[in-house]
Amino acid sequence: NSFCDKLNSEIDKSPKPIFGIGASHPQSNFFIFSGIGKYVDCFIDDDIHKSEKYLPLHKSTKIISTRKYLEGDKPGTLLITEFGYDNWMKKLCHQFNGVKIINPYDFK
């Protein structure tokens with residue numbers, strides 16, 4: 001509970017919009033059970049079959065492609081789940097200055 005409280009508190013005060021990185025089963029479960037799914041405005045996933053669909057967490061939340069994210073407005077906050085592909089996540093996280101990155105492993 002302490003972990004989730006710290007993580008939720010940090011996200012709550014972070015720049016908007018909030019992007020969740022990845023929309024797979026492990027990532028979705030993490031967003032659900034940690035309680036941080038309620039903060040996510042949009043998910044980013046590289047699977048073309050998920051793009052423009054929705055992830056039904058606390059609210060129905062759109063999934064966009066990496067390409068669409070990279071072409072969009074910044075800054076905001078990226079939530080890393082550590083259940084993705086390292087090179088892909090690094091590409092997202094280091095592409096732009098001014099984007100806040102929250103890594104849950106920093107809240108252990």
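**Group meeting: a phenylalanine cluster and the sheet beside it**

Ring pairs link Phe-30, Phe-31 and Phe-43 into a cluster. First, the housekeeping. This is a predicted model, so local features need pLDDT of at least 70 and side-chain atom pairs count only at pLDDT 80 or more, while totals for chains, interfaces and linings use all residues. Residues are numbered from 1 along each chain as its sequence is written, and side-chain values use heavy atoms, with hydrogens and water left out.

Back to the rings. A pair of aromatic rings is described by the distance of the centres and the angle of the planes. The rule here takes rings of Phe, Tyr and Trp (its six-membered ring) with centres within 6.5 Å; planes under 30 degrees apart count as stacked, over 60 as edge-to-face and the rest as tilted. By that rule there are 3 aromatic pairs. One of them is Phe-30 with Phe-31: the centres are 6.2 Å apart and the planes stand at 70 degrees, so this pair is edge-to-face. Another joins Phe-31 and Phe-43, with centres 5.0 Å apart and planes at 80 degrees, so that pair is edge-to-face as well. It links distant parts of the chain, since Phe-31 belongs to helix H2 (residues 25–34) and Phe-43 to strand S2 (residues 42–44), 12 residues apart.

Phe-30 is buried at 16%. Phe-31 is buried at 0%, and Phe-43 also counts as buried at 0%.

Now the whole chain. Helices (H or I, at least four residues) and strands (E, at least two) are DSSP runs, numbered from the N terminus. The chain has 4 helices and 6 strands, and along the sequence they follow the pattern α-β-α-β-β-β-α-β-α-β. Of its 108 residues, 45% count as buried. With contact meaning heavy atoms within 4.5 Å, residues 24 or more positions apart account for 50% of the contacts with a separation of 6 or more.

Next, the sheet. Strands of a sheet pair through backbone hydrogen bonds, either parallel or antiparallel. Here two strands pair if DSSP finds at least two bridges between them. The sheet is open, has 6 strands in the order S3-S4-S2-S1-S5-S6, and its pairing is mixed. Which strands stand at the edges? They are S3 (54–56) and S6 (99–102), each with a single partner strand, so one side of each has no neighbour in the sheet. On average, neighbouring strands are turned by 30 degrees against each other, direction ignored. S2 and strand S4 (residues 60–64) run parallel and are joined by 2 bridges. Phe-43, from the ring cluster, stands opposite Ile-63 in S4.

For the angles, axes are lines fitted to C-alpha atoms, for helices over the stretch in contact, and the angles run from 0 to 180 degrees between N-to-C directions. Helix H1 (residues 2–12) packs on the sheet and touches strand S1 (18–21), strand S5 (76–79) and S6; its direction makes about 175 degrees with that of S6. H2 also packs on the sheet, touching S1, S2, S3 and S5, and its direction makes about 135 degrees with that of S1.

Thr-66 is in helix H3 (residues 66–71). Thr-66 is buried, at 4% relative accessible area. Its side chain makes a polar contact with the side chain of Asp-46, at 2.7 Å. A polar contact is a pair of N or O atoms within 3.5 Å; within protein, one must be able to donate a hydrogen and the other to accept it, and residues adjacent in sequence count only if both atoms are side-chain atoms.

Last, the backbone. Most residues other than glycine have a negative phi, and most peptide bonds are trans. Lys-16 and Pro-17 are joined by a cis peptide bond, with omega about 0 degrees. Pro-17 lies in the loop between H1 and S1. Glu-52, in the loop between S2 and S3, has a positive phi near 70 degrees. Glu-52 is partly exposed, at 37%.

Asp-73 lies in the loop between H3 and S5 and is exposed, at 72%. How far apart are Asp-73 and Pro-17 in space? They are 9.8 Å apart, C-alpha to C-alpha, and 56 residues apart in sequence.

Definitions and conventions. Buried means under 20% relative accessible area, exposed over 50%, partly exposed in between (1.4 Å probe, protein chains only).
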